[in-house]
Amino acid sequence: MTFNWVNNLVVSGITSINSQLSHLVINTCNNVMVRNVKLIAPDKSPNTDGIHVENSNGVTINGCTMQTGDDCISIGDATYNLFMSNIKCGPGHGVSIGSLGQKVDEKGVENVTLTNAIFSGSDNGVRIKSWARPSNGFVRNVLFQNIIMNNVENPIIIDQNYCPNNQGCPGQTSGIKISEVTYKNIQGSSATAEAVTFDCSPSNPCQGIKLEDINLNFKNKAATSSCNNIGGTSNGTLVPESCLLN
């Protein structure tokens, strides 16, 4: 189900099962409410994103459950003022900003909030992903808060070295500028030893990244974290120990 060039849209109370591709696409829309929607596909089914948003302003997603073979929610270029709350995700690939930067000329993503979410058995939790190639796009003013992770493989991840099959980008670096991203009150369990991965672009390091009250464990022990090309601050309880240099 795809909505193109729609203003003042409400999608409510719908269940979509075994969509061949993305269940719900919001493209070039303004003032959209998606609420109480269930989107279900097998966990190994390719490209069955739950909700994909791009080129849109003022989208709210509330009270939705997504069990898919791809991203529960994927956020594309030129998405502004997106608010997501009371989300259940898993299985699936998490909530992903990107992938961005496949093209040189992109408009960016700005003012995105995810609050009160539960991820269960998903391949990722909250992810920002960009191609390792030149681009003038950006990601800024993002808040991920009040989130529970249950056996999630990559609970917190920024990956700016996305290059599937090493085609079209070997030896290059991402031009996407990521800044002012806050992770607050995120707790639970990681399915991998490394629960926090910040792999930012060497040519455009992440800036203004903030960690506050993070508690993620792996097999009942503290998980680990890694940081490349990133600047930011850490506050409150931090498990794993933050690799950000204050």
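Let's begin at Pro240, which sits in the segment after β22 (230-239); strands here are DSSP runs of E with at least two residues, numbered from the N terminus. The peptide bond that joins Val239 to Pro240 is cis, with omega at about 5°. There's another cis bond from Gly90 to Pro91, where omega is near 0°. Pro91 belongs to the loop between β11 (79-89) and β12 (95-100).

Before going further, keep in mind that this is a predicted model, where local features need pLDDT of at least 70, side-chain atom pairs count only at pLDDT 80 or more, and totals for chains, interfaces and linings use all residues. Residues are numbered from 1 along each chain as its sequence is written, and side-chain values use heavy atoms, with hydrogens and water left out.

For burial, the cut-offs are under 20% relative accessible area for buried, over 50% for exposed, and partly exposed in between (1.4 Å probe, protein chains only).

Now for the charged pairs. The structure holds 2 salt bridges, each being a side-chain nitrogen of Lys or Arg within 4 Å of a carboxyl oxygen of Asp or Glu. In one, Arg127 meets Asp71 at 2.9 Å, N to O. Arg127 lies in strand β14 (residues 126-131) and Asp71 in the loop between β9 (65-67) and β10, so the pair ties together parts 56 residues apart in sequence. Arg127 is buried at 12%, and Asp71 is buried at 4%.

Another salt bridge pairs Arg140 with Glu110 at 3.0 Å, N to O. Here strand β15 supplies Arg140 and strand β13 (residues 109-120) supplies Glu110, 30 residues apart. Arg140 is partly exposed at 33%.

Finally, the inside. A nonpolar core is a set of buried Ala, Val, Leu, Ile, Met, Phe, Trp, Tyr and Cys residues joined through side-chain atoms within 4.5 Å. The largest one has 57 residues, and Phe144 is one of those touching the most other members. Strand β15 (residues 138-152) gives this core its largest share, 6 residues. Leaving aside residues up to four places away in sequence, Phe144 touches residues including Ile97, Leu114 and Tyr183, with contact meaning heavy atoms within 4.5 Å.

Conventions
Helix = DSSP H or I, 4+ residues; strand = E, 2+ residues; numbered from the N terminus.
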